[in-house]
Amino acid sequence: MQYTISGTTRFGGLLGSPVAHSLSPAMHNTSFQELGINCVYLAFDVTAERLKETVSVFRQLNTYGFNLTMPCKKAVIESLDELSEAARLIGAVNTVVNCGGRLTGHNTDGIGYVESARENGVEICGSEITVLGAGGAAMAAAVQMALDGARRIHIANRRTRSWSAAQDLVDTINKETQCEADLTDLEDSTVLARHIADSSLLTNATSAGMAPDTGVTPVKDPSVFHEGLTVSDVIYNPRQTRLMREASERGCRTFNGMYMLLYQGAAAFRLWTGQDMPVELIKERYFS
Ligand code: NDP
């Protein structure tokens with residue numbers, strides 16, 4: 001279905017910097033057109049310093065809401081009226097819904113990860129999982145898996161920049177959810193191997209292996225990959241990371257971060273419109 005921009009068209013979009021490379025405008029505008037929803041989605045290059053005034057404009061105008069990317073995901077929180085449980089626990093927001101001037105912050109990155117795991121045959125509820133990393137992507141994925149009923153999550157991170165964030169993440173999961181979480185030094189290969197042996201899902205949420213450093217892997221010893229383990233990467237460039245290749249060579253099912261990106265957008269679309277994004281069309285047009 002096609003529509004033309006009129007006096008009743010509502011807008012929203014992506015706030016952050018940089019945003020010019022983002023797939024989100026294509027995904028959302030194609031979906032609005034396909035479903036005949038009279039909305040548009042644009043990308044706005046906004047730094048953290050200019051975020052407050054921009055959010056105030058989005059609140060006052062007739063927007064349906066907006067997405068946030070770096071460096072705005074944490075900074076936006078002080079401008080919002082309410083947070084979803086996941087956004088509160090993660091401490092970051094990637095989607096805001098504007099309901100008559102009242103702004104509610106959500107985090108759909110973790111939902112996107114869990115949905116992509118489900119599509120690859122992984123059951124989160126009741127599972128034991130190892131998550132590598134403690135940055136934004138790791139927090140979103142780990143918190144959502146904990147909220148979705150994961151039994152135990154082992155976080156492994158370097159003892160560097162984000163070590164204290166990793167400790168906070170483990171404390172939050174243990175305090176606020178039914179899931180048990182623990183923290184390991186990523187360099188402690190003995191403990192890491194034990195955790196991976198007990199897990200059915202390994203989630204690499206570090207940027208190790210992302211282009212251009214495609215020769216890097218966060219798991220130094222590929223013998224830890226076992227039958228029955230699914231190995232996933234939140235990275236989508238390259239489509240197959242070294243970690244995925246080495247796991248695949250040892251018989252593991254693997255998947256990358258492409259559909260995490262797709263399904264975080266689909267979850268935002270549902271929050272704004274109440275309708276399902278036409279994901280098969282979006283996959284075919286932008287993710288194949
Ligand atoms: P952050 O900078 O917030 O966190 C990065 C994490 O990776 C930190 O824990 C960092 O540890 C760790 N890390 C970085 N390099 C290495 C390395 N060589 N070895 C071990 N650990 C390392 O980034 P994000 O969480 O935002 O992003 C992480 C990845 O996820 C990126 O590749 C990004 O593109 C991808 N991503 C994918 C999404 C999707 O939709 N598929 C959504 C969001 C992100 P330290 O702090 O010690 O450096």
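Biologist: How many helices and strands does the secondary structure of the protein come to?

Modeller: Helices (H or I, at least four residues) and strands (E, at least two) are DSSP runs, numbered from the N terminus, and in this protein they come to 10 helices and 12 strands. This is a predicted model, in which local features need pLDDT of at least 70, side-chain atom pairs count only at pLDDT 80 or more, and totals for chains, interfaces and linings use all residues. Residues are numbered from 1 along each chain as its sequence is written, and side-chain values use heavy atoms, with hydrogens and water left out.

Biologist: What radius of gyration does the protein have, and what would a compact globule have?

Modeller: The radius of gyration is taken over C-alpha atoms, and the globule rule is 2.2 Å times the number of residues to the power 0.38. For 288 residues a compact globule would be near 19 Å, and the protein, at 19 Å, agrees with that. Along the principal axes, the C-alpha atoms fill a box of roughly 60 × 35 × 35 Å.

Biologist: Is Thr 203 buried or exposed?

Modeller: Buried means under 20% relative accessible area, exposed over 50%, and partly exposed in between (1.4 Å probe, protein chains only). Thr 203 counts as buried because its relative accessibility is 0%, and its place is in strand E10, residues 201–204. Thr 104, in strand E6 (residues 102–106), also counts as buried, since its value is 17%. Over the whole protein, buried residues make up 53% of the 288 residues.

Biologist: Which residues does Thr 203 touch, leaving out those up to four places away in sequence?

Modeller: Contact means heavy atoms within 4.5 Å, and by that rule Thr 203 touches several residues, among them Tyr 113, Ile 129, Met 145 and Ser 232. With Tyr 113 there is also a polar contact between the two side chains, at 2.8 Å; a polar contact is a pair of N or O atoms within 3.5 Å, where within protein one must be able to donate a hydrogen and the other to accept it, and residues adjacent in sequence count only if both atoms are side-chain atoms.

Biologist: Which residues of helix H10 are buried, and what do they pack against?

Modeller: An α-helix has 3.6 residues a turn, so residues three or four places apart point the same way. In H10 (residues 279–286), Val 279, Leu 281, Ile 282 and Lys 283 are buried, and the buried residues pack against helix H1 (24–35), helix H4 (109–119) and H9.

Biologist: Which residues around the ligand come nearest?

Modeller: A residue is near a molecule or strand if one of its heavy atoms lies within 4 Å of it; of the 22 residues around the ligand, Ala 137, Arg 158, Thr 160, Ser 162 and Gly 257 come nearest. Helix H5 (136–147) and helix H9 (258–273) each supply at least two residues of this shell. A polar backbone atom of Ala 137 is 2.8 Å from an oxygen atom of the ligand, and for Ala 134 the corresponding distance is 3.0 Å.
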